[in-house]
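Here's a quick briefing on charged pairs and a greasy patch. Have a look at the model first.

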Amino acid sequence: TEDIDISWKLQLKHWDIRYEPRALTWILVPETLRHLWRQRLRWAQGGVEAAIKFARHMPRWVSRRMWSVYVEYWVGVAWCYAFAFTVLCWVGTNFLPPGQWPASMAVPTLLPGWTGVILGATCLAQFSVGLIIDSHYERRGLFRHLFWAIWYPAVYWLINAVTTVVAVPRGIAHYGRTRYAVWRSPGRKLRKLLAQLHVSQRHLFIDSPIVENSRRTLEYVLTVVFWGVWAYLVMPLLSLALWYGGIYLFTDRMITLGGYQAFADQLLQYTAAVLAMGIALLLWVAWNFFHYGRHDRRNVIPKQVTTPQVGETMHLDPRCVSALQESRAIALHFDESRLPVIERMSGGPPAACGTGKTDDPSSPDRVSLPSS
């Protein structure tokens, strides 16, 4: 929640946020589904409130670099509601009496189609690329974590979709009442262990090796099942590729020739859509490079701003600027009229700033600057 608010606020002010893979942090994650639900619901509600907060800035032309980010967020929200509508149609198709649910809205199964399989395959391919990038900084066999990556498309997508559906009306209803989604920190195992010096028999039983090993075994079994389901669903794609190569395998998962033709037509449309989006993205990047200069600005040493330049911009005497810099106890902000104001945090103003215009004669620490 705070990440979105801070990053969007900075980017709307034309600051550049860059990714630093060498920055390491240590976090405690929720250890139960209930705590995970509360955490993701808080994130989703905070995201909705941030999207509402910054909506008034998005139509401006100067905010055009944030348009793709903002549109992508609401497309994700629309996907969550489309998923919920699909589940509703599946329930109506399979659990209502025959003829009660419209045939045009029938959803016989929730198993993903070929587009869903491609989406899952793309997700796992992205995880592989991410692990390759991380291996440059952390050489500890990160590819062993790819085994657990199946949980993200298999479980977390569903949790995030449901929390988003619940959070949108909550975020709209609570917007402006509090400073974003109010929350209490979910239970963390290490915190409980540090806080409880005397562990009860119940906790000893829960943390016993037998229970822990059983839980771990269940995680392994479920992970293998998820991988097996995904492999079963991806077999038509593999059999199609082998069929084009003249190899006939996976006959139990083969598609009819008519299905191959329909699949090939859909795949062609999908590829054309991806290429169109890629070309649009390249044109957008090229346009930004042309207008904003080289993209590798982190290696370009910026020109030093001199004290006379600061004084000229702020309409201050250079001696006043030097005195303010040396005091190291100033704050620059905007007043009600959107005029820049330099305010001393403690003590009186430097002697060199005695000629500055003050808003209140009784408050010599406040110096208003004419707008430039």
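Aspartate 317 is partly exposed at 31% relative accessible area (buried is under 20%, exposed over 50%, partly exposed in between, with a 1.4 Å probe and protein chains only). This is a predicted model, where local features need pLDDT of at least 70, side-chain atom pairs count only at pLDDT 80 or more, and totals for chains, interfaces and linings use all residues. Residues are numbered from 1 along each chain as its sequence is written, and side-chain values use heavy atoms, leaving out hydrogens and water.

**Salt bridges**
- The structure has 5 salt bridges (a side-chain nitrogen of Lys or Arg within 4 Å of a carboxyl oxygen of Asp or Glu).
- Aspartate 317 pairs up with arginine 319 at 3.0 Å, N to O, and arginine 319 is exposed at 60%.
- Lysine 53 and aspartate 5 meet at 2.9 Å, N to O.
- Lysine 53 sits in helix H2 and aspartate 5 in helix H1, so this pair ties together parts 48 residues apart in sequence (helices are DSSP runs of H or I, at least four residues, numbered from the N terminus).
- Lysine 53 is partly exposed at 22%, while aspartate 5 is buried at 9%.
- Shared partners join Asp5, Lys9 and Lys53 into one network.

**Nonpolar patch**
- Ile6, Leu10, Trp15 and Ile17 make a nonpolar surface patch of about 420 Å² (residues with over 30% relative accessible area and no salt bridge, nonpolar side chains joined within 5 Å; areas by Shrake-Rupley with a 1.4 Å probe).
- Tryptophan 15 lies in the loop between H1 and H2 and is exposed at 60%.

Note on methods
Patches are made of residues with over 30% relative accessible area and no salt bridge: like charges are joined within 9 Å, nonpolar side chains (Val, Leu, Ile, Met, Phe, Trp, Tyr) within 5 Å. Helices (H or I, at least four residues) and strands (E, at least two) are DSSP runs, numbered from the N terminus.
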